[in-house]
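This report covers strands, helices, a chain contact and a nonpolar core. The model is shown first.

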2 protein chains.
Amino acid sequence: MKTLITGGTGFVGLNVAEELLRGGEDVILFSDSELMAYALQKLSALPGTLKTVRADIADRAAVDAAFAEHQPDRVVHAAVITAGEQRELRDFDRIIDVNIKGTGHVLSAAAKHGARRVVYVSSGSAYGLALLDGTTVSEETPPQPDTLYSITKFASERLCARVRWLRGLDVVCARLGSVFGPWERDAGVRDMLSLPFQIVRLAMAGEEVILPRREARRDWIYSRDVAAGIVALLYADALRYDVYNVAAGTGWPRFAENLCSRLRPIFPTLRYRISSADEAPNVSFLGDRDRSMMSVERLSSDTGFRPTFDHGKAFDDYVAWLGGNRDYYDTRRR
Amino acid sequence: MKTLITGGTGFVGLNVAEELLRGGEDVILFSDSELMAYALQKLSALPGTLKTVRADIADRAAVDAAFAEHQPDRVVHAAVITAGEQRELRDFDRIIDVNIKGTGHVLSAAAKHGARRVVYVSSGSAYGLALLDGTTVSEETPPQPDTLYSITKFASERLCARVRWLRGLDVVCARLGSVFGPWERDAGVRDMLSLPFQIVRLAMAGEEVILPRREARRDWIYSRDVAAGIVALLYADALRYDVYNVAAGTGWPRFAENLCSRLRPIFPTLRYRISSADEAPNVSFLGDRDRSMMSVERLSSDTGFRPTFDHGKAFDDYVAWLGGNRDYYDTRRR
């Protein structure tokens, strides 16, 4: 089986690629940025075969040409600009080009070239304000997109449903929880690095981590579980719905402190503390407000997949990965 | 007061322009197509002053330049491509450029140049599938965008809310019902002409009108009421919400037949009948399914405005307008 992954050199894209390559699949990474030599070497050592296409998702002809050349059976569409406030004001046109037009181009090429299934990598952000009600959201919860990122994710989901309807394309959307884990790095293109990676970055720089006094509730999911969930959607026989949450479905209490304490083996000099009353933390949960948990009942009942990484297992695995792959994420090393 | 209207040479834009010019206002029509000499002459005879800017809404710099030059106090953003299925497959990129980027450009320029209020002309289509439940939708009903047009209208509404939040712009969205009335014509740019205008077009061509056997329920609103509703939103002191339905809020039974019977004075040879069992009608309600009515309680309570044109009054006014303005809408005359 051949799977084309857009945003293939990004955080989620690489996790999916690794999962598929481990299983001996053919993977084509489509990205506008070059795959780092380190990652290329690591992924090339896995059983599957790896190809890369360097092109811009906003370029319709380039997307079509990649599909024409590689004829993927399956597609994971993860290319997106995860813009924060400043970037959304500054780069509005480019964000629309990548996040909305890019989705249209991929869906269109997938339909034209006969892809058997497309998984669109959406986000819990598609729920927008509906994710802030503090309870648990299911895929039936009506989204209220708020940020530009959120607006473009929800619009892209609806484009998927539209192309499914108009052209019979088998496409399904995966709404991810708050992802952390292997292959995250600061390449300067994502405005919103996960809290764990913010901590790792400070640890690398030898700076003290000052945690927020209050832990904002997030539905954390480990990136290997994200990859496994996406692959489950990519291969499930028949899917009854067009949207599936891919999250842990539960909160992880004292997430930040627990992670810091586990990071000691690879960052022996790591110092961390809770901020004092009048002091600003130097890491953030990307928003102060609690977010709702995301029910994974639908994913579990339709694919049989449930996330397997809890708190302890995820942190241990991540720490082991960090220890073994410093050449990838430590930007000071290059 | 100076009002800039995007999509200013279009159906809704011209109705709003006429309403404002009658009240002695300054109006700037922003459009990528030229205002027909006939309409220019008619509108120029009204008390207000009229200017036109010919530029593309998808061109950020051109939009900004128009705002810089004219410094409008108020803005009505009506520019859009109303695409049917074929066009949405064919012109996807251009539709995104106009319907989403265009909205971003207008909001951005309005915020930068200090516009006091923007009304975004949205559509009942933003409700998408939620408009098909057969009951009455209010602005609290969660939208489920379906077509590309619907997806872009809802995304644009959320952009309005976003720019209001980020930049303090006073912007409100008007979700229109099924509009018909003066200034509609077949300029080849709208895929979805209203049922009344489809009938007028056949009448002009001397063709028999074959009506669908079943009348699909629509919340019809007369274009002069649309204009008055938009102007009410443009001038209301304080608006409590960011979205308002602008519709009649009620169905008009036997709409098509009643209209046909009223059109006789200006189209004396008009023939019409209900299609027989195995015959296709030659006019359409743009979809067979009934649509929900759109509650106008919010509009009424916050602006004091309620539509004043019922069935009879609207048809009489439209017939009078058609009789007096054939040079505008009759494309065979040019």
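Which way do A:Arg74, A:Val75, A:Val76 and A:His77 point from strand S4 (residues 74-77) of chain A, and are they buried or exposed? The model is a predicted one. A:Arg74 and A:Val76 point one way from S4(A), while A:Val75 and A:His77 point the other way. All four of these residues, A:Arg74, A:Val75, A:Val76 and A:His77, are buried. In a regular strand, side chains alternate between the two faces of the sheet.

S4(A) has pairing partners in strand S1 (residues 2-6) of chain A and strand S5 (residues 117-123) of chain A.

| Strand pair | Sense | Bridges |
|---|---|---|
| S1 (residues 2-6) and S4 (residues 74-77), chain A | parallel | four |
| S4 (residues 74-77) and S5 (residues 117-123), chain A | parallel | four |
| S1 (residues 2-6) and S2 (residues 26-31), chain B | parallel | five |

Individual partners can be named. A:His77 in S4(A) is the bridge partner of A:Thr6, and A:Val119 in S5(A) is that of A:Val76. In chain B, B:Thr3 stands opposite B:Val27 in S2(B).

In chain B, an open sheet is formed by seven strands, ordered S3-S2-S1-S4-S5-S7-S11, with parallel pairing. Strand S3 (49-54) and strand S11 (243-246) of chain B are its edge strands, and each pairs on one side only. From one strand to the next, the twist averages 20°. Packed on this sheet is helix H3 (residues 60-70) of chain B, which touches S1, S2 and S3 of chain B. The direction of H3(B) makes about 165° with that of S1(B).

In chain A, helix H9 (residues 255-263) has A:Phe255, A:Ala256, A:Leu259, A:Cys260 and A:Leu263 buried. Seen down the axis of H9(A), its buried residues fall within an arc of 125°, so they line one face of the helix. Their cover includes helix H7 (195-205), strand S9 (209-211), strand S10 (220-222), strand S12 (272-274) and helix H11 (311-324) of chain A.

Between the chains, 20 residues of chain A are in contact with 20 residues of chain B. On the chain A side, the elements giving two or more residues are helix H4 (85-90), helix H5 (92-112) and helix H6 (148-167) of chain A. H6(A) gives the most, with seven residues. By type, the residues on this side of chain A are eleven nonpolar, two polar and seven charged.

The largest nonpolar core has 228 residues, and A:Ile230 and B:Ile230 have the most contacts inside it. Beyond its neighbours within four places in sequence, B:Ile230 is in contact with B:Val16, B:Val76, B:Val119, B:Val121, B:Ala174 and B:Val246.

How values were computed
Residues numbered from 1 in each chain as written. Chains lettered and ligands numbered in written order. Predicted model: local features only at pLDDT ≥ 70, side-chain atom pairs only at ≥ 80, totals over all residues. Pairing = 2+ DSSP bridges. Axes fitted to C-alpha atoms, helices over the stretch in contact; angles between N-to-C directions. Contact = placed C-beta atoms within 7 Å. Buried ≥ 20, exposed ≤ 12 C-beta atoms within 10 Å, placed from the backbone. Arc of directions from axis to C-beta. Nonpolar A, V, L, I, M, F, W, Y, C, P; charged D, E, K, R; others polar. Core = buried A, V, L, I, M, F, W, Y, C linked by C-beta atoms within 7 Å.
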